[in-house]
Amino acid sequence: MSDLEKILSLISTGKRFLITSHENPDGDAIGSMLAIGLGLEKIGKEIIYYNKDGVPLLLRFLPHSEKVISSLDDVHVGFDATFVVDCTDTSRVGVKFEDFKNRGRCGVTILIDHHQTSKPSADLYILNPSASATGMIIYSLLKTLSLRLGSGQALKITPDVAMNLYTSILVDTGSFRYSNTIPEAFEIAAELVELGASPWEISQALYESESIGKLKLLGCVLPTLEVTEDGRIASVVVNRDMFKATGTSKEDTEGFVNFPRCINGVDVAVLFREEEPSENGSRWKISLRSKGSVNVAQIGERFGGGGHERAAGCTISGTLAEAKRLLFSAIKEVLQ
Ligand SMILES: [Mn+2]
């Protein structure tokens, strides 16, 4: 029996399911969690939605996002199966979850993801690295499931499910701009709009609901823009004084790295964000973005971080000047 068949049969026989995703969840993680869970609730399953970091403020417009809990302490009854969506490794769900799993509470673990991996860590999995978002895999799973259940059953893609899935695709394709945007992403998005997803409501919530503080912070950050002589590396800096002056926090830097990236001719964009200092002095959390010719995951890994080809990160200790020198020389090596 294929994993998909096993998963479908687990869904029909099981009663209680846990649904979770990676820490620091994005729109694909939360949207996928809610979509599959709401679908299963429709056919009478009992669902617990868990994410260690809860739902970020920006994503609280997602229908039923208030159902997501951020602690497993009060969950005393085990599950028939656990879905881990949008991550290939269950360890990315967090140590509390690993502990919960190791105590045998999760039942069968099922991974559903679109990231590339050689060894997914679960009992069963559906992996499709060509899918633009995990939400696309969830959509076809829900469709398969409803066909399988037949017309007597109530599994329909409701407007609430459609909103969650549309958001997951929108976010992971960068609003249908990134190179991972395959024709199927548009096809599914069209179907989701027919099923009740509202593109304007979603893009307004995601892109036109910024706080005044965030804009003021951006005002502090843009003057720090530096571009290397050859024009290929651009960086901006956020320090702790800027957070203090604008009453903002690290969450408000979301998307800032896209400003240096948008410059014509830039291959690698960098955001330096000052962290709480350690005993050894300053620490800089670094976000790296590539326009495609450079694999920034390689650069992140060199400093103990990691990520994807086009989006990666790491942390470097030292003064800003030291962090810049170390990082830029590593990027320049890759650029040559
Ligand atoms: Mn994703």
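Let's start with a pair of strands: β8 (residues 233-238) and β9 (residues 268-274) run parallel and share six bridges. Here strands are DSSP runs of E with at least two residues, helices are runs of H or I with at least four, both numbered from the N terminus, and two strands pair if DSSP finds at least two bridges between them. Keep in mind that this is a predicted model, where local features need pLDDT of at least 70, side-chain atom pairs count only at pLDDT 80 or more, and totals for chains, interfaces and linings use all residues. Residues are numbered from 1 along each chain as its sequence is written.

**The sheet**
- I233 has V268 in β9 as its bridge partner.
- The open sheet has six strands with mixed pairing, in the order β7-β8-β9-β10-β12-β11.
- β7 (226-227) and β11 (306-307) sit at the edges with a single partner strand each, so one side of each has no neighbour in the sheet.

**A helix pair**
- Helices α4 (residues 134-149) and α5 (residues 159-172) pack at about 145°, with axes 7 Å apart; axes are lines fitted to C-alpha atoms over the stretch in contact, and angles run from 0 to 180 degrees between N-to-C directions.
- T134, G135, M136, I138 and Y139 in α4 meet L165, S168 and I169 in α5, where contact takes C-beta atoms, placed from the backbone, within 7 Å.

**Around L165**
- Leaving out residues up to four places away in sequence, L165 touches G31, A35, G135, I138, Y139 and L192.

Notes:
Contact = placed C-beta atoms within 7 Å.
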